[in-house]
Amino acid sequence: MEWGMANRMAQLIQPDGHALFLPVDHGYFQGPTRKLEEPRKTIEPLLPYADAIFITRGVLRSSVDPDNTKPIILRVSGGTSMVGKDLANEGITPSMEEAIRLNASAVGISIFVGTDYEKESLLNLSKLVDEGERYGIPVMAVTAVGKELEKRDARYLALSSRIAAELGARVVKTYWCEDFGKVTRGCPVPVIMAGGPQVDTELKIFEFVYDGMQKGAIGVNLGRNIWQSDFPVAMIKAIRAIVHQNTTPKEAQELFGSEKERKLKKS
Ligand code: 5RP
């Protein structure tokens, strides 16, 4: 691996081999997602606990100060919306030149395996990898399921993740699922877990993050289950403890509880 690529990967994946990415890119197709209506207010308190943020150029420029030192993973696919015909019909949005100008440490693109736009999204990934490799910028592939959340099973996610790795993604972001080891075993590059829509209890989140880490994920790219919580800082601290300190779900729940109490006492 060349120096630039190795250096950017080291910015993203911490010396313990693990990583906590904070995604705040949802508005690129969902508009003002709940609790991300004013991105700066959501992002600022959480930034100290994230290893990198996954973000679009518009929210980066408007809502993150340039003296921020956290690595940026720039969302570079889009062109569709929740109310449009097909979420899978994405193109590449900012160019690699723009990613370099914004000092991105990586770029992220969704792929839509099994959809009418499978081929286009996979060729977009491949083209982006060609450009990223030219400039030493890693590509994170996102195995998107659009509105079909039921697709999140080991067979489908293993298929999508492996295809992303085969096409050259340096990191694959996918969902946790039952039998998650099937996904990580079949994917020869680091796997990061997304969260999906908000889950009803914190413990369920801690349990799936812990299980995924035991089964080979290197970390998370977890958004709504952090910043849609009533106690987002407590959430990110608890999840960070699982990712970087191998804290058990029970211990994470205790940590969450004590952080929540501290916050309530202050307010
Ligand atoms: C949305 C994304 C998000 O980065 C990804 O889904 C992670 O966020 P969440 O944990 O909220 O699902 O790709 O476009």
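This is a predicted model: local features need pLDDT of at least 70, side-chain atom pairs count only at pLDDT 80 or more; totals for chains, interfaces and linings use all residues.

Entry on Asn246. I looked up its backbone and found a positive phi of about 55 degrees, although Asn246 is not a glycine.

Entry on Lys35. I then turned to Lys35, which is another residue other than glycine with a positive phi, in this case near 75 degrees. Lys35 sits in the loop between helix H2 (27–30) and helix H3 (39–46), and because it has 17 C-beta neighbours inside 10 Å, Lys35 counts as partly exposed.

Entry on the whole chain. I listed twelve helices and ten strands in the protein chain. The radius of gyration is 17 Å, close to the 18 Å that the globule rule gives for 267 residues, so the chain is as compact as a globular protein of that length. Along the principal axes, the C-alpha trace spans about 50 × 40 × 40 Å. I noted that buried residues make up 45% of the 267 residues, and that, of the contacts with a separation of 6 or more, 67% are between residues 24 or more positions apart.

Entry on strand S3. I checked both faces of strand S3 (residues 72–75) and found them covered, with Ile72 and Leu74 buried on one side and Ile73 and Arg75 buried on the other. Which strands does S3 pair with? Strand S2 (residues 52–55) pairs with S3 in the parallel sense over three bridges, and Ile55 has Leu74 as its bridge partner in S3.

Entry on strand S8. I found five of the five residues of strand S8 (residues 171–175) buried, with Val171, Lys173 and Tyr175 on one side and Val172 and Thr174 on the other. Strand S7 (residues 139–143) pairs with S8 in the parallel sense over three bridges, and the bridge partner of Met140 in S8 is Val171. Four bridges join S8 to strand S9 (residues 191–194), also in parallel, with Thr174 opposite Met193.

Entry on the ligand. I counted 13 residues surrounding the ligand, the closest being Pro23, Ala194, Gly195, Gly223 and Arg224. By class, I recorded five nonpolar, six polar and two charged residues in this shell.

Entry on Glu259. Last, I looked up Glu259, which lies in helix H12 (residues 249–266) and is partly exposed, with 17 other C-beta atoms within 10 Å. Leaving aside neighbours within four places in sequence, I found Glu259 in contact with Phe231, Val233, Ala234 and Lys237. Glu259 and Thr56 are 203 residues apart in sequence and 30 Å apart in space, C-alpha to C-alpha.

Conventions:
Residues are numbered from 1 along each chain as its sequence is written. A residue is near a molecule or strand if its C-beta atom, placed from the backbone, lies within 6 Å of it. Ala, Val, Leu, Ile, Met, Phe, Trp, Tyr, Cys and Pro count as nonpolar, Asp, Glu, Lys and Arg as charged, and the others, Gly among them, as polar. Helices (H or I, at least four residues) and strands (E, at least two) are DSSP runs, numbered from the N terminus. The radius of gyration is taken over C-alpha atoms; the globule rule is 2.2 Å times the number of residues to the power 0.38. A residue is buried if 20 or more other C-beta atoms lie within 10 Å of its own, exposed if 12 or fewer, and partly exposed in between; C-beta atoms are placed from the backbone. Two residues are in contact if their C-beta atoms, placed from the backbone, lie within 7 Å. Two strands pair if DSSP finds at least two bridges between them.
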